[in-house]
Amino acid sequence: MNARRVALDGPADVAGWRASARALLAEGVPPSAVIWTTGAESHDLFAASEALPPVAGPPPSVPRAFLGLAETALLHSDPERFGLLYRLLTRVAADRWVLQDMADPDVARSNALAKAVRRDKHKMTAFVRFREMTTEDGACFVAWFEPEHHIVEATAPFFVRRFAAMRWSILTPERSAHWNGGDLVFGDGASRADAPDGDALETVWRAYYASIFNPARLKVAAMRAEMPKKYWRNLPEASLIRPLIAQAARATADMVAAAPLPEKRASRQMPRTDAGLLPPEGVLEALRAEAAGCRACPLWGPATQTVFGEGPADARVMVVGEQPGDKEDVAGRPFVGPAGALFDRAAKEAGLERRKVYVTNAVKHFKFEPRGKFRLHKTPGPTEIAACRSWLERETMALKPRLIVAMGATAARAVMGRVVKIGESRGAVLKRDDGPDVLVTVHPSYLLRMPDEDRQRTEYARFVDDLRLAALSLRDP
Ligand code: URA
């Protein structure tokens, strides 16, 4: 068979790879017969690339997990990645269980690429620092960053969510991302000299960083691993790190000598996350990225994606449900289906604004049983709850909420670490020594399933009362 050349639109052209790979697979083109090229390189080396024929018939079926893996791994800078993922695709199409074999060289390499990309994305969310510039249209914030992989397009939406009200640009050697408050556009790469060097904000940021730097938690090796030196030159706080480390031993001794915290506050302190130097939203974003590749139990296989928690990083209430349902699994967001609508309505009546609470689930993948065209919800078991519990704990550590609302038995079990009888525990705020207070209540799906309308009304009112308690407990200073 003649070699087939595929010219992609650029190094991050995942959609182009996907369309081409699908057509090649449908045609039965072996991986060894495909030459993948990108951007300038494809014009220089191969004057014309063959247009692939449209796919006839239904597209070959591949597990969703492969698509998730490919979407991330393809952003790696390894020039072999397109060929590697196409080879793996042909193998997965023949035997979908190949992906389960972590010792398989193609699977191991693809996972390693995806892991490196996730790490690079996490670094970008954590270490981009904007500097203010004044333009004709007003203030604009510009940042310089040097990613290792082709992650700018994939990571820019994080900054849109985080800094929606600002006009900003992130410049990198390969691509630039620009947000004007309404549109996100991408352009060519830039040079470091195009980004401003310092401004008044940096002085404020340095003062803030020095104030949150906790010498008692100083772990220099972990800090270097988390914040590698190559990022330091773009960080305003970098100039402070050395003197703060030097002062740390003396400052720790001073802190130990100082008066202890009142017992109650001290006992409720949560340990910091492994990314203790990041602001909570950075930690949550990093956790979300990590959880996207979670394989701790088999539920990830048939599910569309991990559905991680969402909400403001400074939320004082964390609401925990059971697991994503059919709608959530597709949308990738918790509580967007019928149970979510009921929760929203009840929360509003109780004076708890959904946009101010962090909403998550005990189990982050949809467990279901296929039934014809439908996917029927299945209750997660103790092993799945246990496998997922570390995500909930890490979310709690990053968020440090004042109150956790556990809706239903699965949530209560995951939060409390033991079986909880809802009938006995609901409606009272449980104080704990090792974490935030907990309010146990019923799950909204329990109300949706109730056949008797009168009973449903009564139970709904009790649910609103429980949520009202949560809202009230927040007013208590
Ligand atoms: N039920 C839950 O417990 N969580 C969701 O996200 C949706 C339905």
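Biologist: Which residue in β5 does tryptophan 144 stand opposite?

Modeller: In this predicted model, tryptophan 144 stands opposite leucine 171 in β5. As for the strands themselves, β4 (residues 138-144) and β5 (residues 168-171) are paired in the parallel sense, with 4 bridges between them.

Biologist: What is the order of the strands in that open sheet?

Modeller: The order is β3-β4-β5-β6-β7, which makes an open sheet of 5 strands with mixed pairing. At its edges lie β3 (131-135) and β7 (184-188), each of which pairs on one side only, and neighbouring strands are turned against each other by 25 degrees on average, if direction is ignored.

Biologist: And which strands does helix α6 lie across?

Modeller: Helix α6, made of residues 152-162, lies across β5, β6 (175-179) and β7, and the helix runs at about 140 degrees to β7.

Biologist: Moving on to β9 and its sheet, what is the strand order there?

Modeller: That open sheet also has mixed pairing, and its 5 strands come in the order β9-β8-β12-β14-β13. The edge strands, each pairing on one side only, are β9 (358-361) and β13 (429-430).

Biologist: How many bridges join β13 to β14?

Modeller: There are 2 bridges between β13 and β14 (residues 437-441), and the two strands run antiparallel; leucine 430 has valine 438 in β14 as its bridge partner.

Biologist: Which strands does helix α15 touch, and what about α18?

Modeller: Helix α15 (residues 409-416) packs on the sheet and touches β8 (317-321), β12 (403-407), β13 and β14, with its direction at about 140 degrees to that of β12. Helix α18 (residues 453-475) also packs on the sheet, in contact with β8, β12, β13 and β14, and its direction makes about 165 degrees with that of β14.

Biologist: Switching to rings, how many aromatic pairs are there?

Modeller: The search of the whole structure gives 10 aromatic pairs, and one aromatic cluster is formed by Trp17, Trp36, Phe82 and Tyr86.

Biologist: Which ring does the charged end of arginine 295 sit over?

Modeller: The charged end of arginine 295 sits over the ring of tryptophan 300, at 3.8 Å from the ring centre, while the charged end of lysine 364 sits over the ring of phenylalanine 308, at 5.7 Å from that centre.

Key
Residues numbered from 1 in each chain as written. Predicted model: local features only at pLDDT ≥ 70, side-chain atom pairs only at ≥ 80, totals over all residues. Heavy atoms only, no water. Phe/Tyr/Trp six-rings, centres within 6.5 Å; stacked < 30°, edge-to-face > 60°. Lys NZ or Arg CZ within 6 Å of the ring centre and 35° of its normal. Pairing = 2+ DSSP bridges. Contact = heavy atoms within 4.5 Å. Axes fitted to C-alpha atoms, helices over the stretch in contact; angles between N-to-C directions.
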